Amino acid sequence: MKPKVAFFDFAGCEGDQLQIANLEEELLTLLGQVKVVSFREVMKEHSDNYDIAFIEGSCTRLQDEDRLKQIRKNAKIVVAIGSCATIGGINCIRNYKDLDEVRKTVYGENAKLFDTYAARPIDAVITVDAYVHGCPIDRDEFLQVVKSLLLGKKPDIPTYPVCVECKKNENVCAFERGQFCVGPVTRAGCNSCCVNEGTICWGCRGLVDNPNENAQKEVLIKYGLTVDDAIGKFRLYFGWQESKK
Amino acid sequence: MKNSNIDVEIHHVTRVEGHGNIYVNVRKGVIERCEWNISEAPRFFESMVVGRQWDELHHITSRICGICSIGHTLASLRATEAAMNITISDQDLKLRKLALHAENMQSHILHLGFLVLPDLMGVGSVIPLASSNLKEVKTVLLLHRNANEMSTLICGRTTHPQRLIPGGFSKIPSIKELTDFRKKLQDSIPALQAVAELFKSTAHKFPDFARETEFIALTKPDEYALYDGDIASSDTGTAPVTEYLSFTNEYIVPISTAKRAKHARESYMVGALARLNINFEKLSPLAKKIAGMFDLKPVCHNPFMNNIAQLVEVVHNVEDSIRLIDELEADGLQRQPDYYKPEIKVKAGRGVGATEVPRGLLFHDYTYNEKGVCTKANCVIPTNQNHGNIELDMKDLLPKVLDKTEKEIELSLEMLVRAYDPCISCSTHCIKVHFV
């Protein structure tokens, strides 16, 4: 019997589910291995009987917690896909603002009609078994994780920073170019894709386990950068992780 | 009348991007309720970007939508560039137009092949089609992959582009990469024609329905406007993009987390059909020919024909991309330094960027202080502009299908919503912020 899989999305851009559509021919191969029973973005049918649930997006309001808990109850394995789901991602920028104020300026007198609370990754609400990091996720990494899960193995996720991959790719360091980069503390696995394209690491895969903060501080001092520079960039993606430290 | 009492409640309409609901109640043949509302969680982007630096905004607002992240990035960059009087080279302009073509193709093909085709083939998703119509599905996948390869070639990746930055590009493709890709585009034309034939053979399943409305799109005298232009209304003529607020007039509907817009009438429509209605003459030759296959010409008031207008646009995207690559080759592609970051003189100011993205006209409007920190932001999303029109179409369509079964009514209404290709993540994630 093929394992039954389902896809769900919460507050996010659905760019990660798009990466699954972007598998193109490989998607056909994948469909040979699993039975998709729920994927609102592409199919009308829906079933609550599934083994693996892939969840994209952050939890941003109390009313969404019930839906998440129900998915947890139904699924044997829950996989968070994309930064919004794995680390809270860019949604958490607003956590540093007064949410009532934000809501009032947005909806005026109708503010009460629209619930919201601090944006958070889904493991702040339910237990998550596996993670596919990135904004957006990398298609190959997604396939690797799926393969591992189908084989009953725990997916292998790098525990070293992006700098390791970036050096291997022989990039000119962003700091040497006068730019701020969060690669030194960001979890690798993306093959330093953004720096390869001529920009910086923005931190979308989240803080690496045990980030070397002293090394980051040394970098700041060496390049004459301020803590404000660092905090600004850290808050792009690390908002939730920083608030839990 | 077959159905004196009908209750349709479709929570989370499938095969659209994001969460939207349809509510219909009919009592003794009288329509008591017919509503389209959005339940997607809001994300407050316009509030999130306040306090952020000028060279981060395009990165953040790209995340409004995964499907049209290139369009959001471009509208964002153009707003920042307008605010700081930043100009880009003619070469970069052509490359950006290629980026937009790539995304338009990707998004339209995804919509037509994955989301619309199942309705026409009488199935619930593209998955059964992979066994029953493998040849057709592979043709769709080929076109989709081509479009994604083109995004990667120009932008560094398919979703949330990296190379597009204020003032130009951090990295550009080589002329060989471009001319190699030109061949792929040329070779994809038979596949496009095959998809057109497929839709031609099934298009009779789209309801024969029309409701007069206003169309709004960018327009330019000498090209099918996508990257830039003036705002044009089918009712009131043209105006510069800086006057966009007098067109969009957004308002809140309490039942819905997405705002709506109206201009000369109760609602208006943006997107491929609006563009085609306003700029038909500027379409590429083959695009016009494909439109002719479906007898699609201005002014078409059938919203279901937005699907066909998307198909026509994909053909235009391919032909115009070939033309742009030819021009880049003829001009000789200028190389630029690695890790390029154009020198920008940061200044205070306000700028509006308007770009036609797959689902219609998109506005980003930013105000910066002298340090280049964003102090105000407003984004008006295509799907928000369409929500009002969708609901009015629904109210007009419903009485015409009341004699059908509840299931058929449901399908007609869902097909109507899908025809607009609504991007609900976009439309709720960008609630307008009122600034005091």
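1. Which residue is the bridge partner of A6(A) in β2(A)? The partner is S38(A). This pair belongs to the contact between strand β1 (residues 4-9) of chain A and β2(A), which run parallel and are joined by 4 bridges. As with everything below, these positions come from a predicted model.

2. The sheet in chain A is open and has 5 strands, in the order β2-β1-β3-β4-β5, with parallel pairing. At its edges stand β2 (35-39) and β5 (130-132) of chain A; each has a single partner strand, so one side of each is left without a neighbour in the sheet. On average, neighbouring strands of this sheet are turned by 20° against each other, direction ignored.

3. Chain B has an open sheet of 3 strands, ordered β1-β2-β3, and here the pairing is antiparallel. The edge strands of this sheet are β1 (6-10) and β3 (30-38) of chain B, each of which pairs on one side only. From one strand to the next the twist averages 5°.

4. Within the chain B sheet, strand β2 (residues 20-27) and β3(B) are paired over 8 bridges in the antiparallel sense. Opposite Y23(B) stands E35(B), a residue of β3(B).

5. Two helices of chain B lie across the strands of its sheet. Helix α14 (residues 406-419) of chain B lies across β1, β2 and β3 of chain B, at about 40° to β1(B).

6. How many residues of chain A are in contact with chain B? The count is 63 residues of chain A, which meet 69 residues of chain B. Between them the two chains bury about 5,500 Å², and 58% of this is on carbon and sulfur atoms. On the chain B side, R43(B), F44(B) and Y339(B) supply 14% of the area buried against chain A, more than any other three residues.

7. The largest pocket holds about 910 Å³ of space. Its lining comprises 34 residues, and those nearest its centre are D229(A), K233(A), Q53(B), D55(B) and E56(B). Helix α10 (residues 227-237) of chain A gives the most to this lining, with 6 residues. Sorted by class, the lining of the largest pocket has 16 nonpolar, 8 polar and 10 charged residues.

8. The second largest pocket has a volume of about 550 Å³. It is lined by 28 residues, of which Q19(A), D138(A), R139(A), R157(B) and T158(B) are the closest to its centre. The elements giving two or more residues to the lining are α2 (25-33) and α6 (139-150) of chain A and α6 (134-155) of chain B.

9. Which element gives the largest share of the lining of the second largest pocket? That element is α6(B), with 4 residues. By class, the lining of the second largest pocket divides into 7 nonpolar, 10 polar and 11 charged residues.

Definitions and conventions:
Residues are numbered from 1 along each chain as its sequence is written. Chains are lettered from A and ligands numbered from 1 in the order in which they are written. This is a predicted model: local features need pLDDT of at least 70, side-chain atom pairs count only at pLDDT 80 or more; totals for chains, interfaces and linings use all residues. Side-chain values use heavy atoms; hydrogens and water are left out. Two strands pair if DSSP finds at least two bridges between them. Axes are lines fitted to C-alpha atoms, for helices over the stretch in contact, and angles run from 0 to 180 degrees between N-to-C directions. Contact means heavy atoms within 4.5 Å. On a 1 Å grid over the protein atoms alone, a cavity is a set of points where a 1.4 Å probe fits but cannot get out, and a pocket is an open set with protein on both sides within 12 Å along at least five of seven lines; lining residues have an atom within 4 Å of a point. Grid points are joined across faces, edges and corners, and a volume is the space filled by probe spheres set on the points. Ala, Val, Leu, Ile, Met, Phe, Trp, Tyr, Cys and Pro count as nonpolar, Asp, Glu, Lys and Arg as charged, and the others, Gly among them, as polar. Buried area is the accessible area (1.4 Å probe) that two parts lose on being put together, summed over both.
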